[in-house]
Amino acid sequence: MGVSQTDGRMEGWLYTIRHNRFGLQFSRKRYFVLHENNLTSFKSVPSDHNEEPERRASLDCCIRVTDNGRESFHRKILFIFTLYNTSNHLDQLKLGASSPEEAAKWIRSLQDASQKGFPIPDCEFFVSHAEKGLVKLDVSKRNRRKNSVDWTNYSSTNYSSTSLNVETNVAPDVIAPSPWKIFGCQNGLRLFKEAKDWDSRGRHWDDHPAIMAVGVIDGTSEDIFNTLMSLGPLRSEWDFCFYKGNVVEHLDGHTDIIHLQLYSDWLPWGMNRRDLLLRRYWRREDDGTYVILCHSVYHKNCPPKKGYVRACVKSGGYVVTPANNGKQSLVKHMVAIDWRSWNLYMRPSSARSITIRVVERVAALREMFKAKQGHGFTEFVSGEFLDTKPCLSKINTMPLKTEAKEVDLETMHAEEMDKPTSARNSLMDLNDASDEFFDVPEPNESTEFDSFIDSSPYSQGHQLKIPTPAGIVKKLQDLAINKKGYMDLQEVGLEENNTFFYGATLQKDPSLTLPCSWSTADPSTFLIRGNNYLKDQQKVKAKGTLMQMIGADWISSDKREDDLGGRIGGLVQEYAAKGSPEFFFIVNIQVPGSAMYSLALYYMLKTPLEEHPLLESFVNGDDAYRNSRFKLIPHISKGSWIVKQSVGKKACLVGQALEVCYTRGKNYLELDIDVGSSTVARGVTNLVLGYLNNLVIEMAFLIQANTVEELPELLLGTCRLNYLDVSKSVKER
């Protein structure tokens, strides 16, 4: 559909996503205009800037924007994002764009607009500590946790070039060797294999090696991403392995379960057909890079099929990076697969040659893009969701509570009517019940429907069934009671342990040899802003840490475990009871899985807090200030390449990507980070949990420095987590 950005004004067609009276989702096409912090919508393109909009809303610093990924509506793939008010989660607006690039532009512009949307009720801005160059936000205690803005999947690189937060490069913030070693070149592709930690020369081949093919394709990263994600019949124009495929379950906008059936004519003689059942995850990086990762899973709705041998993808995926000003793309295709063949002729070298053949699909993709230059690639997207069985959209069990929600909405609207007009200018003003019965017609809509019927597997000899009201109700009930339908092949159980001391449930191991233990990481591994960063944009090796790591917790529970520092009998309260002057900084990373896991890291400051102005401002500041400053640098120092690729090595402003609950105690500050608050982060976490006991994870924490007075940056602390095991997490009572 395209978007236009001129003079601080952004406009274009979007889809509003709502639920009707039956709890089913529907979309309506509207023309949106964002000017300064005002968002307006029209049923058609406005004739001039003074035309009165159909709906309007004002954005302020209470507005958060989240990326919800891909969904299918009326045979169209939309890229969804949601605006909601952190002080009232019922006040929200769900929108969809026709492409991931359009969605990224809108998300960034809306986040910028919400930053500019001041003032808001009970928020008063002023500058203090001028002599230290610190800008603080004073908010009443009642509104402490309202002022956070989610720059989902965006780091500090997203600020304008004039901002003090700018980081113009996308280079990693960790010094680490490449996990890949080149071993050949074929069909214009460079071929690499994963270098194991014990294989310093890169000459040894294990039984199922990870192999990567790298090539340059004449196409935009967005077009290539859409082509790779499509499972339609036109995929056969480049994927010579592919016979047919379908989406078994749509987990969320960034994750799904897919089933692929492969041809056998490219396999060695006598080898049976193979199929794959994969959990697929994708995301878009700051620089326009698309990452697609997958690994094999089990799903109760897709057991092994007769006539096929199910191969096991240990790790696989694509990385598509823009090159040459976006006109070309660097494509990396990685696969590590067990073909599950016991035949005597199937030697390791034969299995390896089959895997190499698989990654050579990049060459076929390159040639197809050359042949299709100038003709567009929308046709390759159309088949993505058409091969799935006709079913209702995933509704997250909302319909079972529809009546209660409608009462809440009516009550809310009644309360809103008593407020002055300016206070009622909310996101819900952009929604209206009448929208259900009016939509802007799409071009060639009838043609698309005919194409859908022709390509549907149910169109040959079968009539398309129209669901009855009773059938809809049954579907909704099934969705409500249906549990997780898939299982990672690496999943394990939990071990209960009811006696523990907060701050000491994870053992320390300075020797770096014990599994499920912690130690500190080498600070020089991480790059931080130096004295001249605002002039040269150069980062330097960290030389030390401000705090000392003194303990860690690895806890599992059936709910969130907040404020561990305030628990009686814990490490922090033990110091408080003695009246000790030490100050504690606790990072509690809450990870959703088969249970809620809490990884809590305890850091101690021995010198007075007042001697560290930036840290003091962070500790005593409000949530908006904290969200804009707290930074994490991740690093997987040992582990599979798929995990290293999913986690990355780039610093992230945690509070602008995830929900963070701050607890200020007498002698501590705790950050409870909800990883499950972002679909992007949740997808990465689910992948990491499957490989957790084979990983060494390193992290560094710091407060971002934005002014000359605050530079150079200094790490608060580091940690190294050795081969964590969910079965050894301590069960919270």
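**Strand 26 and its sheet**

Mentor: Strand 26 is largely enclosed by the rest of the structure, because 8 of its 10 residues are buried. Buried means under 20% relative accessible area, exposed over 50%, and partly exposed in between (1.4 Å probe, protein chains only). Strands (E, at least two residues) are DSSP runs, numbered from the N terminus. This is a predicted model: local features need pLDDT of at least 70, side-chain atom pairs count only at pLDDT 80 or more, and totals for chains, interfaces and linings use all residues. Residues are numbered from 1 along each chain as its sequence is written, and side-chain values use heavy atoms, with hydrogens and water left out.

Trainee: What is the order of the strands in the open sheet?

Mentor: Two strands pair if DSSP finds at least two bridges between them. Here the open sheet has 6 strands in the order 31-32-27-28-26-35, and the pairing is mixed. Strand 31 (659-664) and strand 35 (730-731) are the edge strands, each pairing on one side only.

Trainee: How many bridges join strand 26 to strand 28?

Mentor: Strand 26 and strand 28 (residues 596-605) run antiparallel and are joined by 9 bridges. In this pairing, S556 stands opposite Y597. Strand 26 (residues 548-557) runs parallel to strand 35, with 2 bridges between them. There, I555 stands opposite V730.

Trainee: How many disulfides does the structure hold?

Mentor: A disulfide is a covalent bond between the sulfur atoms of two cysteines. With the cut-off for that sulfur pair set at within 2.5 Å, the structure holds 0 disulfides.

Trainee: Is C312 buried or exposed?

Mentor: C312 counts as buried, because its relative accessibility is 10%. C652, with a relative accessible area of 26%, is partly exposed.

Technical notes
Helices (H or I, at least four residues) and strands (E, at least two) are DSSP runs, numbered from the N terminus.
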